[in-house]
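This report describes a protein model, moving from its overall make-up to selected elements and residues. The sequence and structure are shown first.

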Amino acid sequence: MTTKLLRWAQARRTQGTVGWRGTDALARAAVCGLGLIAVGALVHQLDLVLIGTPLLASAALALAAAPRQAPRVRAEALPGVVESGQSRPLALRCDTAPGTELLAVRLPAAAENTKVGAVHLVPGDVGVVRTRLRWGAWGEGVDIRPDHMVGTADGLIVFGPVTGTEARRIVLPPVVPLPSGPLPPRSAGLVGVHKARPQGDGTELRDIRPYRPGDRLRRIDWRVSLRATATVGGTFAPGTVHVRERHAESDAELMLALDTRFDVGAEVGEWSVGVPGSGIRVGGSLDNGARAVTAFAAAYLQQGDRVGMADLGRPVFGVPCGSGRRQLDRIRHQLVRGCGLAGWAPKPVLPRQQVPHGALVVVLSPFLDDAVVDVAVRAVRRGNPVLAVDLLPDELVPDRETEWGDAVLAVIAGEHRLRMAALRGQGVPVARWSNQGEVTEALRRIRRRGRVGAR
């Protein structure tokens, strides 16, 4: 019963503060003015009456001129999907009642969309408050909420504070450049830019050989044929006509498997601490992994390859292999959805039907457990070339709040080295995302390995 009474009293107090209300300054002016006038009249002191009269008059005038119209502050509409790193002008429309003198409004932070903005005090008759909003972090979340409070002269009567209307937005991960390395070809169609092993009608020369029945006449190399004819007396004879062989050009397929179960940074002590705002740690393994996925996807979609994405923590957020600009947008939107809901999952999952046979699988993970190593090894055994991209920061900082910080860091680093060695032992190239050269060189090794296997 007591709890219900307390809740009822709290609700009544909250209801009483809605709308225009007097502040403590108004109450002090009325009480002090009336008290000084009363005391001055009782003790026949005119100076007390002269001091109290302006106070009481100001309180009375403030009550008489109090606005009746509720103010409104709203933000102009912005696109629902924006790019990370973009900035746009933002205008807040302020509809205040006559007699309003002060407006306190909270504007969004100018540098990052995950930070709470500062409160700005502007004149009450301002019609538009202009600022600029820049989206530095990516993800989905609230970037505009114009909380505000309006006051009359001397702040004796105020309206609010009012919690503004939230505006949610999707900020797509940035597309960073990636040095394009050669991909192992997979004959998904003779329209790609990669040199395939079989003979075809591409642009790169494979060999020059004598003509055989069935060869097309347009493949004859007349210069070589004329030189061969000159060596036998200037007449065409068997073996003097030569043709050019060219490599076929085929598409390559790339499956980007991102481990969304972990989001760790350089500070080991902060691994279990949540991140406010979009929930994605700036500069952490998940942030770097999403940037790596967009970099791989943009680089190889641009040259006509087929790219897909697999979410090892939540397979439902995967994107089947596709091509074109819209495929990059699909991958980036799924990254925002998947990383925003990222968290611990029992084990990573890479379904067999999600990975095309022969496609290159790029596993992006900090490799903090053995399960993700098993996923990469199983992909190798199914016949897919695999590249492991390590997202763990290069320099880890131990937790200084416990005496076991250095020992924990040593165990983490030792287990991580063993997992990397196990991957290399299974023939999986390993590269750190922080070193772009290692990534490109690993792709070249996979390419050379494909050539050797074809001979």
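## Overall make-up

Among the contacts in the protein with a separation of 6 or more, 70% are between residues 24 or more positions apart. The model is a predicted one. Its secondary structure comes to 9 helices and 19 strands, and 44% of the 455 residues count as buried.

## The pair of helices H2 and H3

Two packed helices are described by the angle between their axes and the distance between the axes. Helix H2, residues 24–43, packs against helix H3, residues 46–64, at an angle of about 145 degrees, and the two axes are 7 Å apart. The crossing of H2 and H3 is left-handed. On the H2 side, the residues making the contact include Leu26, Ala29, Ala30, Gly33, Ile37 and Val43; on the H3 side, they include Leu48, Ile51, Gly52, Leu55, Ala59 and Leu63. By class, the residues of this contact are 18 nonpolar and 5 polar, with no charged residue.

The loop between H2 and H3 contains His44. Although His44 is not a glycine, its phi is positive, at about 60 degrees. Is this residue buried or exposed? His44 is exposed, because its relative accessible area of 70% lies over the 50% cut-off.

An open sheet of 3 strands runs in the order E3-E11-E8, and its pairing is mixed. Strand E3 (81–83) and strand E8 (139–144) form the edges, each pairing on one side only. From one strand to the next, the twist averages 45 degrees. Helix H6, residues 325–340, packs on this sheet and touches E3, E8 and E11. The direction of H6 makes about 125 degrees with that of E11.

Strand E11 covers residues 167–172 and pairs with E3 in the parallel sense over 3 bridges. Within this pairing, Val81 has Ile170 of E11 as its bridge partner.

## Helix H5 and Ser285

Helix H5 spans residues 285–302, a run of 18 residues. From its first C-alpha to its last, H5 reaches 25 Å, close to the 26 Å expected at 1.5 Å a residue. H5 is mostly covered, with 15 of its 18 residues buried. After H5 comes Gly304, which has a positive phi near 90 degrees.

Ser285 lies in H5. Ser285 counts as buried because its relative accessible area is 1%, which is under the 20% cut-off. Its contacts, leaving aside neighbours within four places in sequence, are with Phe262, Asp263, Val264, Pro366 and Leu391.

## Backbone features elsewhere

Gly160 and Pro161 are joined by a cis peptide bond, with omega about 5 degrees. Pro161 belongs to strand E10, which covers residues 157–162.

Phe367 is found in the loop between strand E17 (360–365) and helix H7 (370–381). Its phi is positive, about 55 degrees, although Phe367 is not a glycine. Is Phe367 buried or exposed? Phe367 is buried, because its relative accessible area of 0% falls under the 20% cut-off. His44, which also has a positive phi without being a glycine, is by contrast exposed.

Key:
Residues are numbered from 1 along each chain as its sequence is written. This is a predicted model: local features need pLDDT of at least 70, side-chain atom pairs count only at pLDDT 80 or more; totals for chains, interfaces and linings use all residues. Side-chain values use heavy atoms; hydrogens and water are left out. Axes are lines fitted to C-alpha atoms, for helices over the stretch in contact, and angles run from 0 to 180 degrees between N-to-C directions. Helices (H or I, at least four residues) and strands (E, at least two) are DSSP runs, numbered from the N terminus. A crossing is left-handed if the near helix is turned anticlockwise from the far one by less than a right angle, and right-handed if clockwise. Contact means heavy atoms within 4.5 Å. Ala, Val, Leu, Ile, Met, Phe, Trp, Tyr, Cys and Pro count as nonpolar, Asp, Glu, Lys and Arg as charged, and the others, Gly among them, as polar. Two strands pair if DSSP finds at least two bridges between them. The expected span of a helix is 1.5 Å times one less than its number of residues. Buried means under 20% relative accessible area, exposed over 50%, partly exposed in between (1.4 Å probe, protein chains only).
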